[in-house]
Amino acid sequence: MELIKKYFPHLTTLQEQQFAALGVLYPEWNRNINVISRRDIDNLYERHILHSLAIAKVLNFKSGTRLLDVGTGGGFPGIPLAILFPYCHFTLIDGTAKKIRVATEIAQTIGLSNATCLWQRAEEEKGLYDFVVSRAVMPLPDLVKLVRKNISREQHNALPNGIICLKGGELQEETRPFKNKVEITPLDTFFKEEFFETKKVIYLPM
């Protein structure tokens with residue numbers, strides 16, 4: 001929790017309480033439904049919550065922004081972002097029912113009224129959103145094919161609508177088709193922990 005406050009020092013009391021609750025709820029749920037690897041649960045705040053919040057370092061979403069989290073798993077990056085941006089609306093989708101159950105229960109437990117969790121695949125989602133967010137869910141060209149239909153033409157934010165995703169490793173091949181448009185930002189630009197040295201956030205306007 002101190003790690004979150006280090007990089008996001010202006011949280012409200014409610015936001016601090018909600019982030020703190022995640023540190024209890026995720027280990028409890030993870031004992032029964034594995035949404036975070038067993039060896040990684042002790043690094044929940046660094047490798048999952050703070051990692052999710054890296055998207056907020058790229059763009060400070062305006063009130064009323066609509067975001068679709070594709071392949072959310074147990075709620076990343078959608079739940080941490082929904083806590084940070086209470087006046088935006090997040091739709092979290094995943095094709096695995098038990099993972100969406102975890103995300104749903106955690107969102108309800110912490111009183112997250114701006115997040116809707118749905119058991120469905122991206123192909124089935126028909127809604128329009130300002131941004132699609134994801135965390136290492138699939139190669140970028142595949143994601144673009146699936147969600148292009150979901151990007152609204154109405155603009156509300158400082159950056160044009162599009163895709164913002166979190167990835168690690170070598171990205172040259174999967175970003176090649178978008179080389180003139182894609183923006184890649186290393187996360188060690190924002191966070192100094194060793195984990196972030198190989199992590200990046202990709203922004204692709206659409």
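Let me begin with T175, which is found in helix α7, residues 172–175. Helices here are DSSP runs of H or I with at least four residues, strands are runs of E with at least two, and both are numbered from the N terminus. T175 is buried, with a relative accessible area of 7%. The term buried means under 20% relative accessible area, exposed means over 50%, and partly exposed lies in between, with a 1.4 Å probe and protein chains only. Not counting residues up to four places away in sequence, T175 touches L140, V182, I184 and I202; contact means heavy atoms within 4.5 Å.

A word on the origin of the model. It is a predicted model, in which local features need pLDDT of at least 70 and side-chain atom pairs count only at pLDDT 80 or more, while totals for chains, interfaces and linings use all residues. Residues are numbered from 1 along each chain as its sequence is written, and side-chain values use heavy atoms, with hydrogens and water left out.

I turn to the overall fold. The protein chain holds seven helices and seven strands, and from the N terminus on the order of its elements is α-α-α-β-α-β-α-β-β-α-β-α-β-β. The protein chain is as compact as a globular protein of its length, because its radius of gyration is 16 Å, close to the 17 Å that the globule rule gives for 206 residues. That radius is taken over C-alpha atoms, and the rule is 2.2 Å times the number of residues to the power 0.38. Along the principal axes, the C-alpha atoms fill a box of roughly 40 × 35 × 30 Å. Of the 206 residues, 52% are buried. Among contacts between residues at least 6 apart in sequence, 70% join residues at least 24 apart.

What lies inside? A nonpolar core is a set of buried Ala, Val, Leu, Ile, Met, Phe, Trp, Tyr and Cys residues joined through side-chain atoms within 4.5 Å. The largest such core has 54 residues, of which F8, L22, Y26, I49, F61, I79 and I164 touch the most other members. Helix α3, residues 44–58, supplies the largest share of this core, with eight residues. Apart from it lies another core, of 19 residues, among them Y129, L140, L143 and V147. To return to I164: leaving aside neighbours within four places in sequence, its contacts include I55, L59, F61, F131 and Y203.

Is K181 buried or partly exposed? K181 is partly exposed, with a relative accessible area of 45%. Beyond its neighbours within four places in sequence, K181 is in contact with Y203, L204 and P205. K181 and Y203 are 22 residues apart in sequence, and their C-alpha atoms are 8.6 Å apart in space.

Finally, two details of the backbone. Most residues other than glycine have a negative phi, and most peptide bonds are trans. Where is there a cis peptide bond? One joins F76 and P77, with omega at about 5°; P77 is found in the loop between β1 (66–70) and α4 (78–84). A136, although not a glycine, has a positive phi of about 50°. A136 is placed in the loop between β4 (131–135) and α6 (140–147), and it is exposed, with a relative accessible area of 56%.
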